[in-house]
Amino acid sequence: MSAITLTINGESKTITAPPMKRLLDVLREDLHLTGTKEGCGEGECGSCSVLMNGELVNSCLVPVLQAAGANVCTIEGVAVEGRLDAVQQCFLEEGGAQCGICTPGMILATHHLLDKYPQPTMAQIQEGLAGNLCRCTGYKRIFNAVESCAKKSHA
Amino acid sequence: MTPAPGQIVGTSPIRKEGRAKVVGAARYVDDIALPGMWYGATVRSTIARGRILSISFPPGVPWDEFTIVTAADIPGENCIVHLAKDHLCLADTFVNHPDEPILLLAHPNKAVLPAAVAAVKIIYEELSGVFTIDESEAPGAPAIWGEDNVFKTYLMNAGDAGDAAVMEEIFRTADFVVEGEYRTGAQEQLYIENNGVIGEYSESDGVTVSGSMQCPFYVVHALELVFNLPAEKCRVIQTETGGAFGGKEDFPSVIGSHAALLAMKCGHPVKICYDRGEDMAGTTKRHPSRTRHRTAVSKDGKLLAGEIDFALDGGAYMTLSPVVLSRGTIHASGPYHWPHLTVRAKAMATNLPPHGAFRGFGAPQSLFAIERHMDKIAKVVGLTPEEIRRRNFLETGGHTATGQHLADKVDMQGLLTRALEVSGYHEKRERFDRENPTATIKRGMGFAAFMHGAGFTGSGERRLNSLVEIELTAEGQPRILVSSTEFGQGTNTILCQVCAQTLGIAYEDVLIAQPDTHRVPNSGPTVASRTAMIVGKLVERASQQMCATLVSAGLTPEDGFRAAAIGYLAEHGALKASARYESPGDIFWDDDKYRGEAYPTYAWAVYVAEVAVDMTTYFPSVTEFHALQEVGKVLHPILAAGQIEGGVAQGIGYAIYEKCVWQKGHMANSQMTNYIMATSADIPPIHVHFEEMPTIHGAFGAKGIGELPMDGPAPAILNAIEHATGVSFTEIPLLPEDIFERMTQTPAGGTEDLEPAIAGPYFSEVGA
């Protein structure tokens, strides 16, 4: 067991866990942040995506020791004081969430994408979200949500 | 954003549970922890078929810390009941497929379970098994189910198909007889949330199962038998469900029984959530199929008579195979008029895990065959794929192959015209014909025309006898009580829209209860594209009844529903309105003769695929897709389009990406790493077009659409690949290696002559 300190959604947290425990499990079990989902456990589906120091990572592939000192943003840190942020609002309005299980990861991937390309082309959107699988939507409404969000922030 | 009352149906309000989903607050089963909860795991067979000789628990694991459940612990019958009682809850003396559950373990610490599962030692006497339809039906095959490995057969005859002499004469004198064989593979539902449940048990309350599922009352039914308890002591609650697609129709009865058995024995709530590998290897998939067509056609392209042999691989136990087979049988004839048609259908047993429900439910298999076969017939007769279909389409007033009179308007001609127009089919086809001979990336256009029956097949809806209730909350808000579940498709939202519009109130004011079998009536399973149409109609009727009750109490809901509701509650204490399914008088189905009104109504569609095949890598891709359908009234344009787009994406995967690799019945690629579904980078622009012709059978004229989009993509894509490459592929999934093998091994150097007179072994000409 190691004591590991990291910043989660702006708050400093110290947890005691085996150093190889997956960041995903630390979030879900130790910190009760269950918005981060497990879909495959091998970094293929992106349901467990979180932002670590601004980079999009699969938290199922990150041993918690590697996250020591890092700044981690999960879906719980996206809405501020219960107010949806622009990406969440666009996913809602455009039908970008169906069953909702990929949605937290998809929203964080969208944040990462829009940070990198505030006005992304369709090719950049498709490539930027390719690590996040969605079985419900066929992705089109998710693309619409991203485009709508980019448009709004531009306006 | 908020639609005004009175204009709710046909607009796109925000999905009811959407906010919880985008903030990560929606609680799926794996997000729920109960006090004192333990975790469960499943020990599974490592062989396909054989006797269990011994089970032992070697030292090295502190077994006394574990609760171990075997078949001997089952208080009721060792059986998961679907249509037959052949499916064991836990194997005891014999296993019939790899990954079959044999015993269950529970422990307070989840982390110790995998090692314990691996440590259990089971000795088998292995017996030979059968792994395909061909092996199962072969003379001398081991009898693995019943005497002949046949779960179910259907014989469907239209016209004089029952008269062998008549059929023989038609085939003898026809200008052309076209034969073909078509095969489809298994497909994994691949919901992103794996199967998972929490089981609880108490002496006084009985069994409670909460979890990810489509059909809470199916699970109640299964628990009654396993626990030998009355229905009121078997409570089932659906939690937020992260995708289902049929994969959580029948399977939750298995995992639900398992968790509850462990809970009963260990005295704690027990959660079982499969990981991806276990879910893929151990749970149901789409039935693999083989369809053989033999068709008599006239010189002018009229279908004269047909013989269709349709076979499904059902896996080791019957589960839902007979009903999957039934839908496949009825859709095997496509949207065409057949003067004489015989369909001989059978579901065969194999030593694979049981195949089960998956969006489309037999129809994608048989429609793939007919829509590939129609292109072949066109080629043989010398007509275009368009013209051959136009000469045979079903029309208003016509009769389907089951003899169903098509009283509602059917406009396949118009749908085809529009689909080809919006997709630029003719111009593109011409252009590709011009460019392909010198191109290294060959492009093609193909389409499929099809229909999908909405609601349960045959007499199913009558038997379900579904009930919907709406109650008033103390605040005077209507709350819909149904067992119909939300798993992404929009159940919560559309039912609330229907209720709001009928009551004349705002969408936001309508509530819908969590499906809990102790609280909601049985509105039937959430399957078969029946929720919008059948359950929606019941919600509409129950809402009307609620209004009528208020009016007859002297209140005026049109002046303000909430005031009227609160007035009623003050006087009478409570109000609950209800509506039960009533079979329309003109719908009749004869199970024995397999004739009649197979479905209340059909949705009709034409899908057009544009593909590219890279002749260096043989990699096929879909570059543009148009999905045009007639679906009655569209209740929620965004949700409806989302259903179509998602279905098309799954259909693209079914056609060219998703392959289950079987090794002696075990799925060898049970990972997302090597079972490939489409990513955002693989998806072409998907254009969805709706034609609306409201039907009397559905809420505000809606028809079911959930399954429809699964049917068309695969045949449209393979038809387009034939256009691109000149080679007719007849089996899906079609992977680059399949195209490579076929195109480099054909003697003619990879091209197939398109002249019907020399198209070779694929058809025969008789009496021309």
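**A short tour of chains A and B**

Let me begin with Lys664(B), which counts as exposed at 57% relative accessibility. Before going on, please keep in mind that this is a predicted model. Lys664(B) lies in the loop between β25 (662-663) and β26 (666-667) of chain B. What is its phi like? Lys664(B) is not a glycine, and yet its phi is positive, at about 45 degrees.

Here is some background for anyone new to backbone angles. Most residues other than glycine have a negative phi, and most peptide bonds are trans.

You will find Tyr139(A) in the loop between α4 (122-128) and α5 (140-154) of chain A. Is Tyr139(A) buried or exposed? With a relative accessibility of 1%, Tyr139(A) counts as buried, because the cut-off for that word is under 20%. Lys664(B), by contrast, is exposed at 57%, since exposed means over 50%.

Now for a peptide bond. Between Ile732(B) and Pro733(B) the bond is cis, and its omega is near 0 degrees. If you want to locate Pro733(B), look in the loop between β28 (731-732) and α20 (736-745) of chain B.

Pro13(B) sits in the segment before α1 (18-22). Its relative accessible area is 6%, so Pro13(B) is buried.

Let's move to the helices of chain B. Thr502(B) belongs to helix α14, which covers residues 491-503. Thr502(B) has 19% relative accessibility and therefore counts as buried, the limit being under 20%. What does Thr502(B) touch? Leaving aside residues up to four places away in sequence, Thr502(B) touches Glu540(B), Ser543(B), Gln544(B), Cys547(B) and Phe700(B).

Glu430(B) is placed in helix α12, and a relative accessible area of 55% makes Glu430(B) exposed.

Methods: Residues numbered from 1 in each chain as written. Chains lettered and ligands numbered in written order. Predicted model: local features only at pLDDT ≥ 70, side-chain atom pairs only at ≥ 80, totals over all residues. Heavy atoms only, no water. Helix = DSSP H or I, 4+ residues; strand = E, 2+ residues; numbered from the N terminus. Buried < 20%, exposed > 50% of the residue type's maximum accessible area, 1.4 Å probe, protein only. Contact = heavy atoms within 4.5 Å.
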